[in-house]
Amino acid sequence: MDPHQLSREQARQIAVRAQWLHRDAPPDLLGLVRQLTLLQVDLTPAVAPSADLVAWSRLRSSYSPTDLESALENQTLLELRGLIRPAEDLALYRAEMADWDKGGDAGGWQAAQRDWVAVNEGCRRDILHRLRSDGPLPARNIPDTCEVPWRSTGWTNNRNVLRLLEFMEARGEVAVVGREASRDRLWDLAERVFPDDTVVPAAEALRIRAQRRLRSLGIARASGPGWPVEPGLLGEIGEPAVIEGVRGGWLVDPAALDQPFSGRAALLSPIDRLVYDRKRMVEIFEFDYQLEMYKPAAKRRWGYWALPILYGDRLVGKLDATADRPARVLRVNAIHRDVRFGKAMNTAIHEEIESLATLLDLKPQLP
């Protein structure tokens with residue numbers, strides 16, 4: 001079929017609407033996560049955990065962080081490899097879990113992971129035994145009996161039990177059942193946590209996951225950045241599209257075409273799905289943004305955990321804010337404007353700042 005011809009404005013509206021950032025509110029938290037397919041777990045405390053920011057930016061005043069806590073406790077939602085998903089979606093990952101020990105990629109990193117788990121079979125069995133008798137447990141309460149340490153250039157170097165638990169999670173043997181006050185994960189046997197769903201065959205599961213991913217994005221390249229348990233490939237899903245002024249081809253969810261659009265203001269997590277794919281963000285939204293938490297303070301342009309500001313179908317600026325909980329204030333260090341803020345835009349954005357402060361039970365403090 002001939003590609004759909006879209007303007008940048010149409011592409012932006014499709015993307016914003018697919019992420020439920022238009023004026024219509026989602027029905028509830030579960031309905032929201034079903035549409036988005038996931039909430040990413042990131043507990044950076046500068047403002048609020050990312051999952052809370054994402055949920056609040058869509059559900060607004062009807063959302064409370066206790067809603068997410070309750071959904072995880074009653075297992076309406078599950079945490080799987082750092083991503084929160086509807087519990088019913090677990091059936092789409094069971095075949096992949098069962099095949100974790102098989103196959104591999106050309107780079108060999110999956111094979112290296114499997115080999116490391118295999119040589120530490122004794123420790124793996126010790127973990128299963130300890131969880132069966134004493135679980136749920138944080139990783140630090142499980143003895144390290146690994147014969148070969150985990151080597152990495154990152155923060156996981158020599159963190160043997162934690163790394164082995166994460167691979168056992170990928171195999172479907174253990175699961176995260178909650179978090180301590182310190183926010184450390186609590187681990188238990190997967191058989192005690194996961195619902196006893198029918199396993200969806202791997203090929204069908206991948207197709208369904210790709211369909212849901214495109215539905216949640218609205219418009220995307222055929223391949224793009226992925227998450228753990230969330231490949232970036234879309235394959236043959238969707239219909240071809242061309243965006244005026246943007247090179248290359250796109251895939252669009254046909255159900256997202258020719259839909260009415262009514263925008264609003266929203267403050268986004270720096271890892272919100274609307275902006276997570278930085279290349280798509282630049283191409284469609286023409287927005288200059290980087291997460292600067294890893295930069296020295298003197299080299300930051302917008303702030304440690306600056307929140308992208310959405311207004312209508314445009315990303316219009318960044319909010320540099322910090323939740324100062326001891327002082328009980330949401331301290332707004334700066335509002336970086338990429339465009340001129342008119343009176344209506346300025347009012348709407350300040351209302352979002354006040355709403356965010358209310359979510360955090362803080363008072364807004366503007367410069």
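**Entry 1: burial and overall form**

I looked up burial, and 51% of the 367 residues of the protein chain count as buried, where buried means under 20% relative accessible area, exposed means over 50%, and partly exposed lies in between, with a 1.4 Å probe and protein chains only. I note that this is a predicted model, in which local features need pLDDT of at least 70, side-chain atom pairs count only at pLDDT 80 or more, and totals for chains, interfaces and linings use all residues. Residues are numbered from 1 along each chain as its sequence is written, and side-chain values use heavy atoms, with hydrogens and water left out.

I then checked the overall form: a compact globule of 367 residues would have a radius of gyration near 21 Å, and the 22 Å of the protein chain agrees with this; the radius is taken over C-alpha atoms, and the globule rule is 2.2 Å times the number of residues to the power 0.38. Along the principal axes, the C-alpha atoms fill a box of roughly 65 × 60 × 40 Å.

For contacts, meaning heavy atoms within 4.5 Å, I found that residues 24 or more positions apart account for 62% of those with a separation of 6 or more in the protein chain.

**Entry 2: helix α3**

I counted 13 helices and 14 strands in the protein chain; these are DSSP runs numbered from the N terminus, helices being H or I with at least four residues and strands E with at least two. I turned to helix α3 (residues 50–59), which is largely enclosed by the rest of the structure, because 10 of its 10 residues are buried. Among the buried residues of α3 are Asp-52, Trp-56 and Arg-58. After α3 comes Arg-60, which has a positive phi near 60 degrees.

**Entry 3: strands β5 and β6**

I followed strand β5 (residues 174–179) to its partner β6, with which it pairs in the antiparallel sense over five bridges; two strands pair if DSSP finds at least two bridges between them. Arg-179 has Arg-185 in β6 as its bridge partner. The hairpin has five residues between the two strands, and there Arg-183 takes a positive phi near 75 degrees. Strand β6 (residues 185–189) is mostly covered, with five of its five residues buried.

**Entry 4: Asp-196**

I located Asp-196 in the loop between α9 (190–193) and α10 (202–217). Asp-196 is exposed, since its relative accessible area is 80%.
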